[in-house]
Amino acid sequence: MVDANAFIDEAIASIKSQVGNGKALIALSGGVDSSVCAILAHRALGDRLIPVYVDTGLMRKGETDRIREIFKFMNPHVADASDRFFAALKGVTDPEAKRKIVGEMFIRVFEDVVKGLEVDYLIQGTIYPDRIESEGGIKSHHNVGGLPSVTDFKGIIEPLQDLYKDEVRDVARALPLPEEISERMPFPGPGLSVRVIGEVTKEKVAVVREANAIVEQELVHQYKPWQCLAALLEKGTGVKGDNRCHGWIIAVRAVESRDAMTANHMELPWETLNKISSRITSEIPSVARVVYDITPKPPATIEFE
Ligand code: XMP
């Protein structure tokens, strides 16, 4: 385990020396990793840090407003790029292609935001397990393998690259960041696009966003899962009222893990699962069926793509 306070001092000194008198850009996502990086970089660089929040249209319910509020002292640029993301993802079904498209679009949007600002460095919240999985070729992490090889930046700085998630949370508590961030569940860089199997459309994302909000409301506070989520699979037959219908199938997943490299499903009480199922099918009329995923990682992953 790292000594959080020593880590903070070293990380700030290192960002200062790498960036020199230049400027750096950070992408805020609201997750614990990018938030810790943003605070470290803000302490190192003050207003030579340019925080950018990209609204991809793939974020969780209410996320954009919360991030604006929490980081308003840094005066972040908010780029509404959701139309660009949906256009780029149109017709794409391959999971790795989707990840690459989202990763590249992030960079393009940053570059547009910083045009003329003379920004030298990009600061990213990549953590140790992200690097291992990307280097091993397991998947392209949006904040590692999905990066275009040529960018307009002089370099990329990854202050958390040697830390595990629980170490990042220790640093977050020591900074301190509000509990709502330091204890926040991980959320993938490509956002809800990895929780929609196949082509990503606005309609599917709206459904899966509502389903994720319900799952979080029912599980986070009461059961404190390491991570919980809802994913939209395919359509299946159901019956609503007197009619057969063809509605979405939503998979619910709640896992225990230490570092995301392995995970096990949580054994939730049936009444909790029943409540989640009935809330999802009644509050989201286009959903016909809800299933609970009990597969460990490996062989499954935590996310669905
Ligand atoms: P998987 O699905 O590979 O995910 O078991 C492991 C953990 O990583 C999160 N995840 C990501 N985080 N960028 C991120 O910052 C990504 O591209 C990404 N993909 C998955 C996932 O939510 C889980 O906690």
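How many residues in the lining of the second largest pocket are nonpolar, how many polar and how many charged? The legends below take up this question and then move on to other views. This is a predicted model, in which local features need pLDDT of at least 70 and side-chain atom pairs count only at pLDDT 80 or more, while totals for chains, interfaces and linings use all residues. Residues are numbered from 1 along each chain as its sequence is written, and side-chain values use heavy atoms, with hydrogens and water left out.

**View 1. The second largest pocket holds about 220 Å³ of space.** A pocket here is an open set of points on a 1 Å grid over the protein atoms alone, where a 1.4 Å probe fits, with protein on both sides within 12 Å along at least five of seven lines; lining residues have an atom within 4 Å of a point. Grid points are joined across faces, edges and corners, and the volume is the space filled by probe spheres set on the points. The lining divides into 6 nonpolar, 3 polar and 3 charged residues. In this count, Ala, Val, Leu, Ile, Met, Phe, Trp, Tyr, Cys and Pro are nonpolar, Asp, Glu, Lys and Arg are charged, and the others, Gly among them, are polar. Look for Phe7, Ile15 and Pro159, which are among the lining residues. Helix α1 (4-19) gives the largest share, 6 residues, and strand β5 (155-157) supplies at least two. Helices (H or I, at least four residues) and strands (E, at least two) are DSSP runs, numbered from the N terminus.

**View 2. The largest pocket holds about 730 Å³ of space.** Of its 20 lining residues, Glu180, Glu183, Arg184, Met185 and Val220 are the closest to the centre. Two or more lining residues come from each of α3 (63-70), α8 (179-182) and α9 (202-223), and α9 gives the largest share with 7. This lining has 12 charged residues, along with 5 nonpolar and 3 polar ones.

**View 3. Glutamate 63 and arginine 184 meet in a salt bridge, at 3.1 Å from N to O.** A salt bridge is a side-chain nitrogen of Lys or Arg within 4 Å of a carboxyl oxygen of Asp or Glu. Glutamate 63 sits in helix α3 and arginine 184 in the loop between α8 and α9, 121 residues apart. Both residues are buried; buried means under 20% relative accessible area, exposed over 50%, and partly exposed in between (1.4 Å probe, protein chains only). The two also belong to a salt-bridge network with Arg60, Arg66, Glu180 and Glu216.

**View 4. Glutamate 210 and lysine 61 form another salt bridge, 3.1 Å from N to O.** Glutamate 210 lies in helix α9 and lysine 61 in the loop between β2 (49-55) and α3, so the pair ties together parts 149 residues apart in sequence. Glutamate 210 is partly exposed at 29% relative accessible area, and lysine 61 is partly exposed at 44%.

**View 5. Glutamate 305 pairs with lysine 98 in a salt bridge, with the closest N and O atoms 2.6 Å apart.** Lysine 98 lies in helix α5 (residues 95-114) and glutamate 305 in the segment after β9 (287-292), so this pair ties together parts 207 residues apart in sequence. Glutamate 305 counts as buried at 14% relative accessibility, as does lysine 98 at 2%. The whole structure has 22 salt bridges.
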